[in-house]
Amino acid sequence: MEKLAVHGGPRAVAPGTLKPWPPTDDVDRRMALESLEGTNHALGPNCKAFQDEFAAWNGNKFALTTNSGTAALHMGVAACGCGVGDEVIVPAYSWSSSATCVLHHNCIPVFVDIDFGTMNMDLAKLEAAITPRTKAVIVVHLHGLPVDMERVMDIANRHGLKVIEDACQAHGAKFRGRKTGTWGHCAAFSFNQNKCLSAGEGGMFVTDNEELLSKASRLWSFGEAKTPMESRDYHAYDLGWMYRNDDLGAAYGRAQLTKLDGYIAIQRRNAARLTELLQGTPHLILPTEFDGAEHNWYNYVLRLDMESMGRAGDLGFRDKILAAMRAEGVPPVRWQQFILPAMTVFQAKNGYGKGCPWACPHAAPVDYSLGQFPMAQKHCDTHFSVAGPLRAPHGPEATEAVANGIRKVMENLDQIWGAKGIPCH
Ligand SMILES: *Cc1c(COP(=O)(O)O)cnc(C)c1O
């Protein structure tokens, strides 16, 4: 029996094995410096070039750089013509802004439970959530696993709905050989530091539809009808926000984009190796790709099979397992620890105050009772992930060390079983 590091045994992952994300090199330094030495630091030439290069890379006709993925999502809601009281369907488990972007346009989010296997929206439950007020669906390719977009588009087309892809985690992920962000009416990407393409912060709105582009661009820049790259009349035609980004961030994003295909290839290789090494680990549920899906492995998400341990619902024991992994040097990450409808903004309906937008006379009542989302809750209670170790610049050694650490803990649960005093963090 190997002694766990939490009890003073040797660590599975040696200190210094794991490197920060993203790697930067001379390409990043040169492009950032060129931007600094230029004269246009706001929406400058790098922004225009970043849009064009990202659109070409992803296979979209149009792209607009934004200061966040959330801004691009809000622009999608506006571009799709969603308005006061309209309902927009979103998965019950995602990043908060997959749903709050709906509130920003005075629309009402309606949640659909996830499928436990894919961790994405359960498409078998999507149709039942559609009402005469439903205007759009936001599908999230969570963790970089694409949603079955043929099925989504079929349902949406039959009901006359718009589809917004939240591809904030899904750069380069493909369904039936076609990239995410090219299936729906429009899509949002994020370039926050943690994402597969980092620009520090930032995002991109993409679409193939000129009318949607035009609506999105009004929201993007003060409600104006012209972009700052054209001759402006400085007139607010619509309610607009300020969602543009800056030249320096775009320069950094462009530099990282030249390396993105290489990054994704590394993630796929390391994830395949991790799956190979974790196969057969007791009480551990491994992530999978389904037929037609090509994961980018933004996040490699595992679930603890608490039932097979005889510890269903024992969150304290879950935390002890994760603490033991942390002691091994694994870094298990507990991403999103609440399902979306459980978040206070939805439970208390405290959007814009005085019940707005839910109490608006144009809205119909919606039910956020939590019993409707058992799979999202089960996922939420049992998941942990490893993302950093699978990314560049890590080679197979980091993956192997992390796999050893996870296996070591899971194969020696009896050392944690009755153990007292193991810190949770
Ligand atoms: C990161 C993320 C967002 C928001 O992107 P920001 O750039 O942080 O605003 C939205 N949806 C998902 C699924 C994300 O992971």
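A residue counts as buried under 20% relative accessible area, as exposed over 50%, and as partly exposed in between. This cut-off is applied below to two residues of a predicted model.

His283 has a relative accessibility of 25%, so it counts as partly exposed. Its phi is near 60 degrees, a positive value in a residue other than glycine. His283 sits in the loop between helix H8 (260-278) and strand E10 (284-285). Lys354 also has a positive phi, about 50 degrees, although it is not a glycine. At 88% relative accessibility, Lys354 counts as exposed because the value is over 50%. This lysine is found in the loop between H10 and H11.

The loop between helix H10 (344-347) and helix H11 (374-382) also holds Pro357. A cis peptide bond joins Cys356 to Pro357, with omega about 5 degrees. A further cis peptide bond runs from Trp21 to Pro22. There, omega is near -5 degrees. Pro22 lies in the segment before helix H1 (26-37).

The ligand was examined next. The space it takes is the largest pocket. Around the ligand are 15 residues. Gly69, Thr70, Gln169, Ser190 and Lys195 come nearest. Sorted by class, the shell has nine polar, four nonpolar and two charged residues.

Two helices each supply at least two residues of this shell: H3 (69-79) and H4 (97-103). Helix H3 gives the most, with three residues.

At Gly69, a polar backbone atom is 2.7 Å from a ligand oxygen atom. At Lys195, an N or O atom in the side chain is 2.9 Å from an oxygen atom of the ligand. Taken alone, the ligand exposes 380 Å². The protein buries 91% of that area.

In the predicted model, then, the ligand takes the space of the largest pocket. Gly69, Gln169 and Lys195 are among the residues that come nearest to the ligand.

Terms used. Residues numbered from 1 in each chain as written. Predicted model: local features only at pLDDT ≥ 70, side-chain atom pairs only at ≥ 80, totals over all residues. Heavy atoms only, no water. Near = heavy atom within 4 Å. Polar contact = N/O pair within 3.5 Å; in protein donor to acceptor, adjacent residues only side chain to side chain. Areas by Shrake-Rupley, 256 points an atom, 1.4 Å probe, with all protein chains shown as cover. 1 Å grid on protein atoms, 1.4 Å probe; cavity = no way out; pocket = protein on both sides within 12 Å on 5 of 7 lines; lining within 4 Å. Sits in = over half its atoms within 2 Å of the grid points. Helix = DSSP H or I, 4+ residues; strand = E, 2+ residues; numbered from the N terminus. Nonpolar A, V, L, I, M, F, W, Y, C, P; charged D, E, K, R; others polar. Buried < 20%, exposed > 50% of the residue type's maximum accessible area, 1.4 Å probe, protein only.
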